[in-house]
Amino acid sequence: MAAQVKVIKDDCQKDLDEALPAFYAALAALDSLDKSKIQEVKSFKNPPLLVGVTMEAVCILLGKKPEWKEGQKLLGDMQFLHNLKTYDKDNIPPAYLKKIKKYVDNPEFVPEKIAKASKAAFGLCCWVRAMEVYDRVAKVVAPKREALAQATADLAAAEADLAERQAELKEV
């Protein structure tokens, strides 16, 4: 039973190991952003295509209309970076994920290409992609975590029973 629990635990960890590096990299990319970089993006009257696309995806995840004016409002919010860093990644509405799929699947929507247009948009692109990866992996891991919790409880019960029987045997 202990071996089965270890297999389930290792499987969960393998899946999390896929999502967490992207998530932590996205947070690091957000940490590299400062007010001047955000102001640079906000100041675009007509942003470069990839910057606009990135802000559309950010708007969608934050529940706003995917348009440049909304993106500029978000960029002007003093809590913008804090809101991204504390985003509830475990409860992203499925409708938002469905909408950002076209962005994530776009071969141009990759951090390396976005960085050429804007350093700030690079961090935002990393964040959007990390939220999508985290959600995808979390949906796979959730049932495995439940199975792990059940298996761990069963193991604890079996170990308690074993300890009790060993105590009885020792008495005999």
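Residues are numbered from 1 along each chain as its sequence is written, and side-chain values rest on heavy atoms, with hydrogens and water left out. Because the model is predicted, local features require a pLDDT of at least 70 and side-chain atom pairs count only at pLDDT 80 or more, whereas totals for chains, interfaces and linings use all residues.

The mean pLDDT (the predictor's confidence in each residue, from 0 to 100) of the chain is 84, with 91% of its residues reaching 70 or more. Among helices and strands, taken as DSSP runs (H or I, at least four residues, for helices; E, at least two, for strands) and numbered from the N terminus, confidence is lowest in helix H1 (residues 2-31), at a mean of 72, and highest in helix H3 (residues 49-61), at 95.

Ile38 lies in helix H2, which spans residues 35-42, and is buried, its relative accessible area being 10%; buried denotes under 20%, exposed over 50%, and partly exposed the range in between, with a 1.4 Å probe and protein chains only. When neighbours within four places in sequence are set aside, Ile38 is in contact (heavy atoms within 4.5 Å) with Leu75, Phe80, Leu81 and Ala120. By C-alpha positions, Ile38 and Val172 are 75 Å apart in space and 134 residues apart in sequence.

A search of the whole structure for disulfides, defined as pairs of cysteine sulfur atoms within 2.5 Å, returned zero. Cys125 is in no disulfide, the nearest cysteine sulfur being that of Cys126, 5.9 Å away. Cys125 is buried, with a relative accessible area of 0%, and Cys126 is likewise buried, at 13%.
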